[in-house]
Amino acid sequence: MDLFDSHFDSAAGEVPDGAPLAVRMRPRSIEEVIGQSEALAPHSPLRRLIEDPKGSVSIILWGPPGCGKTTCAYLVARAGNRKFVELSAVSAGVKDVRAVIDTAKRDLVSGRETVLFIDELHRFSKTQQDALLPGVENGWVSLIGATTENPVFSIVSPLLSRSILVTLTQLGSGDISQLVVRALTDKRGFAGELEIAPDARETLAQRSAPDARRALTWLEAAAEVVRGEGRKLIELGDIEVAASAALHRYDRDDHYDVTSAFIKSMRGSDPDAALHYLARMIVAGEDPRFIARRIMIAASEEVGMADPNVLVVASAAAQAVAQVGMPEARLILAEAVLAVTTAPKSNATYRAINAAISDVQAGKGAAVPLHLRDSHNPNSDNLDRDAAYRYPHDYPQGIVQQRYLPDDLQDARYYEPSERGFEATVTKRLARIREMLQMG
């Protein structure tokens, strides 16, 4: 968990020669940070934390992947010679958080402060984020949370109110080009041993922007090829090969981005795009069971009652994938993807249950009407309940006018079907049902 232990010594700042280029080239001072002039402007909160670290202060760094969030966290920790502990919200849990805080409390006794850096903080659940509050409130740790999503919607209010929010900007191709030149000339990089052709540098900067980490990863891959062939000039073809190979490495950011594109392509009814992102996940080695789960969710959330059979197909596909395995399971996944993608779309089910839950969480929903309560409850003393309840099957159309919702929700309308697919039929039938239920 301690990033300093894994890549460099916190006091000396030494980086092993075998560390990835992106780690070796991580800025060691504010002057080396590129593209964040506003966040690191004189007298800005982040700059003050780096230049004059006093006490325990927590910050939330919000910005796109590869813009320097981890670098800024490292600079804050380095400025005060603090212990730096890194957790990933993707894999860490409440137990890990509490373990770090307990250790930090003990270290404070000896005068050493701890910076707890949590990457992808927005992926922590509310419970996990709440577990951070004691450490932040009591100053046992200085929390630095990195997120690519708007903190207002992804970070719990108590944690956000106790932290300084710093917005980092997206890097441009010009910024990336500067980093490439530095990596080629700096002794932490290639120390002038290699050069890059202008068109290769331009292509690398454009294709990798706005992610600096991606640019350095591709540069390092291209450099390995060039060195292996005894050359000193990195050419355009080397960058294209390196970028293509890197796509298949599929890191954590790719996992979330491709999954998001996959879901949105199914929602948008584009079968070719959906199959493309499915192929990228398959080639990258994603767990086919994970893919099957996402398809089942999409079948309900994006299609729903517009074609109820799509969920049946998706569920059957998930079961078949578990039994068959790869590589044959790719055919089953593709069929389920096409079923979801080409089906008529409706999110009426999604909206309906969310609206109902919202009302319940808001405290709405009075007592269950007497005629709907359990007549077999021995503690009940409502003698005329059975007489009040009307059994729908005793009526010609299987529907009878009576009240089902609690008194304070009589006008609630959660399910509003669309006019697409099977829901067009449901819309007409439901209108008649609601009319019959309300007759006097």
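Two strands pair if DSSP finds at least two bridges between them. By that criterion strand E3 (residues 114-119) and strand E4 pair in the parallel sense, over 4 bridges. The model is predicted, and the protein chain averages a pLDDT of 85, with 90% of the residues scoring at least 70. Its secondary structure comes to 21 helices and 7 strands.

**Chain overview**

- Of the 440 residues of the protein chain, 43% count as buried.
- The accessible surface of the chain comes to about 23000 Å², and carbon and sulfur atoms account for 51% of it.
- Among contacts between residues at least 6 apart in sequence, 72% join residues at least 24 apart.
- Over residues 1-13 pLDDT stays under 50, and the model has 34 contacts beyond four places in sequence for this stretch.
- Where pLDDT is low, the predicted coordinates should not be read in detail.

- Ile 59 has Ile 144 as its bridge partner in E4, while Val 115 stands opposite Ser 142 of E4.

- Helix H10 runs over residues 173-185; at 1.5 Å a residue its 13 residues should span 18 Å, and the end C-alpha atoms are 19 Å apart, which agrees.
- The buried residues in H10 are Asp 175, Ile 176, Ser 177, Leu 179, Val 180, Ala 183 and Leu 184.
- Their cover includes helices H2 (21-24), H11 (198-208) and H12 (212-228), together with strands E6 (195-196) and E7 (233-234).
- Met 25 lies in the loop between H2 and helix H3 (45-51).
- With a relative accessible area of 6%, Met 25 is buried, because buried means under 20%.
- Leaving out residues up to four places away in sequence, Met 25 touches Arg 182, Ala 183, Asp 186, Arg 188, Gly 189 and Leu 216.
- Met 25 and Gly 189 are 164 residues apart along the chain, yet their C-alpha atoms are separated by 6.6 Å.

- Glu 302 is placed in helix H16 (residues 288-303) and is buried, at a relative accessible area of 5%.
- Beyond four places in sequence, the residues that Glu 302 touches are Ile 263, Arg 267, Ile 297, Lys 345, Ser 346 and Asn 347.
- Helix H18 (residues 329-342) has 14 residues, which at 1.5 Å each should span 20 Å; the end C-alpha atoms are 20 Å apart, in agreement.
- In H18, the buried residues are Ala 329, Leu 333, Ala 334, Ala 336, Val 337, Ala 339, Val 340 and Thr 341.

**Cysteines**

- A search of the whole structure finds 0 disulfides.
- Cys 67 is in no disulfide, because the nearest cysteine sulfur, that of Cys 72, is 7.5 Å away and a disulfide needs the two sulfur atoms within 2.5 Å.
- For Cys 72, likewise in no disulfide, the nearest cysteine sulfur is that of Cys 67.
- Both residues are buried: Cys 67 has a relative accessible area of 4%, and Cys 72 has one of 1%.

**Backbone geometry in loops**

- The peptide bond from Ala 209 to Pro 210 is cis, with omega near 10 degrees; Pro 210 lies in the loop between H11 and H12.
- Glu 120 is a residue other than glycine with a positive phi, near 60 degrees.
- The loop that holds Glu 120 lies between E3 and helix H6 (126-130), and Glu 120 is buried, with a relative accessible area of 4%.
- Ala 191 also has a positive phi, near 50 degrees, and is found in the loop between H10 and E6.
- Ala 191 is partly exposed, with a relative accessible area of 42%.

Terms used:
Residues numbered from 1 in each chain as written. Predicted model: local features only at pLDDT ≥ 70, side-chain atom pairs only at ≥ 80, totals over all residues. Heavy atoms only, no water. Helix = DSSP H or I, 4+ residues; strand = E, 2+ residues; numbered from the N terminus. Expected span 1.5 Å × (residues − 1). Buried < 20%, exposed > 50% of the residue type's maximum accessible area, 1.4 Å probe, protein only. Contact = heavy atoms within 4.5 Å. pLDDT = per-residue confidence, 0-100. Areas by Shrake-Rupley, 256 points an atom, 1.4 Å probe, with all protein chains shown as cover.
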